[in-house]
Amino acid sequence: MTTKNIVRHTGQATLRDREQFCRQKPHTLWFTGLSGSGKSTLSFALERRMLDRGKACYVLDGDNVRHGLNRDLGFSPRDRAENIRRIAEVARLMNDAGLVVMCAFISPFRKDREMARSIIGPEYFTEIYLDAGLDVCEERDPKGLYEKARAGVIPGFTGVSAPYEWPEHPSLTLDTGRMSIGECLESQDELILFTRV
Ligand SMILES: Nc1ncnc2c1ncn2[C@@H]1O[C@H](COP(=O)(O)OP(=O)(O)OP(=O)(O)O)[C@@H](O)[C@H]1O
Ligand SMILES: [Mg+2]
C-alpha cells in the first residue's frame, strides 16, 4: 500500500501544548514476558496507581485488543508482528495525544519489540521484562492455557511450542515469580517519574 498521494496535515496544537494540558510527559511502558508472567496484572495495577496520582493513562492489553482492533489476527509469526505493529501505532497516537500508555503483550520476538520501539520513538519507549520462569507461569496457569498447550489443543503457544526471545537490554527486569505484586509496583514507581513535566 502506498502513501504517495497522502499529505500529512499539521494541526494548530503541538505535542508540547498537549503535554501542558495533560500536565505530564507521555510515555509507553512496554511489558513483555510469558503468558502468566503478570503483564496484565501489573499494567492494570499501575494504571490504578497512576490515575490516583493524577496521571492520564491507559492500558493496551493483549487479550482485549485481540477482541477488537486485532480480531482478524492469529498467532503465526507474521500475525504476531502485525499485532505488535498496530499496537505500537496506537500507542504512538496515544502518546501524541498526551497519554501514558502501558502495553501488556507477550511480544515474544525481539525484532517485533524493536519495531515497536522505533514506531513509538526510543525516547518514549521503556521495555519492562517480567521474568517469572516458565515453571512459575505454568504452575499459575491463570487461564488454563498451558494445560491446553501441553495437550496440543493450542498450537504455537509461547514457551511450550513457540519461542520467547528474552530482552537483551530491558530498562527494568522484575522476577514476578519471587516478588509480590506490591514489590513489583514499588520498583516501578521511578517509571512514573518519567512522566513528570
Ligand atoms: N509479582 C507479581 N506480579 C504479577 N502477577 C503476579 C505476581 N505474583 C503473582 N502474580 C499472579 O500471576 C498471575 C499473572 O497473570 P496475568 O494474567 O497478569 O499474566 P499475563 O502476563 O497478562 O498473561 P497473558 O500473556 O496470558 O495475558 C496472576 O494470577 C497474578 O495474581
Ligand atoms: Mg494478560
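Colleague: How do helix α1 and α4 pack, and at what angle?

Modeller: Keep in mind that this is a predicted model. Here, α1 (residues 15–22) packs against α4 at an angle of about 70°, and the axes lie 8 Å apart. Angles of 65 to 115 degrees count as roughly perpendicular, so α1 is roughly perpendicular to α4.

Colleague: Which residues make that contact?

Modeller: From α1 you have L15, R18 and C22, and from α4 there are N95, D96 and A97. Sorted by class, the contact of α1 with α4 has three nonpolar, one polar and two charged residues.

Colleague: And α4 with α5, at what angle do the axes cross?

Modeller: Roughly 25°, with the axes of α4 (residues 77–97) and α5 (residues 110–120) coming within 9 Å. The cut-off for roughly parallel is under 35 degrees, so α4 counts as roughly parallel to α5. As for handedness, the crossing of α4 and α5 is right-handed.

Colleague: What residues sit in the contact there?

Modeller: On the α4 side, R80, A81, I84, R85, A88, E89, A91, R92 and N95; on the α5 side, D112, M115, A116, I119 and I120. The class count for α4 with α5 is eight nonpolar, one polar and five charged residues.

Colleague: Now the sheet. What is the order of the strands?

Modeller: The general idea: strands of a sheet pair through backbone hydrogen bonds, either parallel or antiparallel. In this structure, five strands form an open sheet in the order β2-β3-β1-β4-β5, and the pairing is parallel. At the edges are β2 (57–61) and β5 (172–174), each pairing on one side only. Ignoring direction, neighbouring strands are turned by 20° against each other on average.

Colleague: How many bridges join β4 to β5?

Modeller: Three, with β4 (residues 125–130) and β5 running parallel. Take L130 as a case: its bridge partner in β5 is L174.

Colleague: Last one, the aromatics. How many aromatic pairs does the structure hold?

Modeller: In general, a pair of aromatic rings is described by the distance of the centres and the angle of the planes. The structure holds four aromatic pairs. One of them is Y129 with Y164: the ring centres are 6.0 Å apart and the planes are at 15°, so this pair is stacked. The pair links distant parts of the chain, 35 residues apart, with Y129 in strand β4 and Y164 in the loop between α7 (145–150) and β5.

Technical notes: Residues numbered from 1 in each chain as written. Chains lettered and ligands numbered in written order. Predicted model: local features only at pLDDT ≥ 70, side-chain atom pairs only at ≥ 80, totals over all residues. Heavy atoms only, no water. Axes fitted to C-alpha atoms, helices over the stretch in contact; angles between N-to-C directions. Helix = DSSP H or I, 4+ residues; strand = E, 2+ residues; numbered from the N terminus. Parallel < 35°, antiparallel > 145°, perpendicular 65-115°, else oblique. Left-handed = near helix turned anticlockwise from the far one by under 90°. Contact = heavy atoms within 4.5 Å. Nonpolar A, V, L, I, M, F, W, Y, C, P; charged D, E, K, R; others polar. Pairing = 2+ DSSP bridges. Phe/Tyr/Trp six-rings, centres within 6.5 Å; stacked < 30°, edge-to-face > 60°.
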